Amino acid sequence: MLRRLPLVFALVAAPALALAQDDGDWSAGRAPANLDGVGRITVQAGYRLTSNGTLYDAWYGAKGPGNGLERAPESSGGPFGVASFAYAVSDLVEVGIDLFGTAQNLRLSEPGADGTVSRKVSTVSYGALLGLRFQGVLDIGPQGLVPFAGVLTGPTVVSSTREGSSLKENVTQAWVGSLGATLRLSAEWGITAEYRLMFLRGPVESPDAAKWPGPFSFSHGGSGFGLGVTYTFPPNPSRPMASF
């Protein structure tokens, strides 16, 4: 019986060895040069630089509640997070869904019973973006560098809450331009850096709609710089099942 064990082991291992040979670079621990059929998950965190000059000009303008008042300090932006789920339909084109969220605190001056009041305005937005990215592979780094560029759009919930007031919320469409690269450290793992240019606006409640009807809106777009990790799934080509 013991003399037959090598033969039994060889029969059992043959299909696995055949599959490993078919997998090519992945079985050898090398990331493929052809991206067709490759899937990935990327998780990033970063900071968004946003100018709200349009909001401040309207708020402190002749028809705004802050007319004649000293401007409150402006916020430069806020943090954001993104989770990307993507699949390469060809060597050069990838389709994906980005789930994102971002927040920012603003301050706006308005007249109060005892003079000027500076109120905090908490803003939040989150949504799901569907998009296309164009990508390739450069022979740079341990396993290659994958630069990409794309456009994404999708439904987004954007809201603001003035200190002492109720939530004001809107559902709109965000647009994002994406430019970045993934440095592949192994066949599965990589480090991703991305620049995102977003166009997105949300409503701000007026302290008195009868006196200052507005509308007033803030920006949650601007330039975002993110850094994160990417896990890559090997392609799964159709092939006949190995048999004994």
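## Close-up views of a predicted model

**View 1. Residue T50 and its neighbours.** T50 touches S75, S76, G77, Q104, S219, G221 and G222, where residues up to four places away in sequence are not counted and touching, or contact, means heavy atoms within 4.5 Å. The model shown here is predicted, so local features are described only at pLDDT of at least 70 and side-chain atom pairs only at pLDDT 80 or more, while totals for chains, interfaces and linings use all residues. Residues are numbered from 1 along each chain as its sequence is written, and side-chain values use heavy atoms, with hydrogens and water left out. T50 is found in the loop that lies between strand 1 (39-49) and helix 2 (53-59), helices (H or I, at least four residues) and strands (E, at least two) being DSSP runs numbered from the N terminus. T50 has a relative accessibility of 5% and therefore counts as buried, a word used for under 20% relative accessible area, with exposed over 50% and partly exposed in between (1.4 Å probe, protein chains only). From this position the side chain of T50 reaches the backbone oxygen of G221 at 2.5 Å.

**View 2. The protein chain as a whole, for orientation.** The secondary structure of the protein chain comes to two helices and ten strands, and along the sequence these elements follow the pattern α-β-α-β-β-β-β-β-β-β-β-β. The protein chain has 244 residues, of which 39% count as buried. Among the contacts in the protein chain with a separation of 6 or more, 68% are between residues 24 or more positions apart.

View 3. Strand 5 (residues 145-162) is largely enclosed by the rest of the structure, because 13 of its 18 residues are buried. Strand 4 (residues 115-135) runs antiparallel to strand 5 and is joined to it by 13 bridges, two strands being paired if DSSP finds at least two bridges between them. Within strand 6, V171 is the bridge partner of V157, and S178 stands opposite G150. Strand 5 and strand 6 form a hairpin with four residues between them, and G164 in the turn has a positive phi of about 90 degrees.

**View 4. The hairpin of strand 6 and strand 7.** Strand 6 and strand 7 (189-199) form a hairpin in which four residues lie between the two strands. Their antiparallel pairing extends over ten bridges. To find a place along this pairing, the reader can look for W175, which stands opposite F199 in strand 7.

View 5. P215 has its place in the loop between strand 8 (201-204) and strand 9 (216-219).

**View 6. The largest cavity.** The structure holds three cavities of 30 Å³ or more, a cavity being a set of points on a 1 Å grid over the protein atoms alone where a 1.4 Å probe fits but cannot get out, with lining residues having an atom within 4 Å of a point. The largest cavity has a volume of about 170 Å³, a volume being the space filled by probe spheres set on the points, which are joined across faces, edges and corners. It is lined by 15 residues, and those closest to its centre are L35, R40, Q135, V146 and T232. Strand 5, strand 6 and strand 10 (222-233) each supply at least two residues of this lining. The lining residues of the largest cavity divide into eight nonpolar, four polar and three charged.

**View 7. The second largest cavity.** The volume of the second largest cavity is about 90 Å³. Its lining consists of R48, F80, V82, F100, T102, R196, M198, G222, S223 and G224. Strand 10 gives the most to this lining, with three residues.

Conventions. Polar contact = N/O pair within 3.5 Å; in protein donor to acceptor, adjacent residues only side chain to side chain. 1 Å grid on protein atoms, 1.4 Å probe; cavity = no way out; pocket = protein on both sides within 12 Å on 5 of 7 lines; lining within 4 Å. Nonpolar A, V, L, I, M, F, W, Y, C, P; charged D, E, K, R; others polar.
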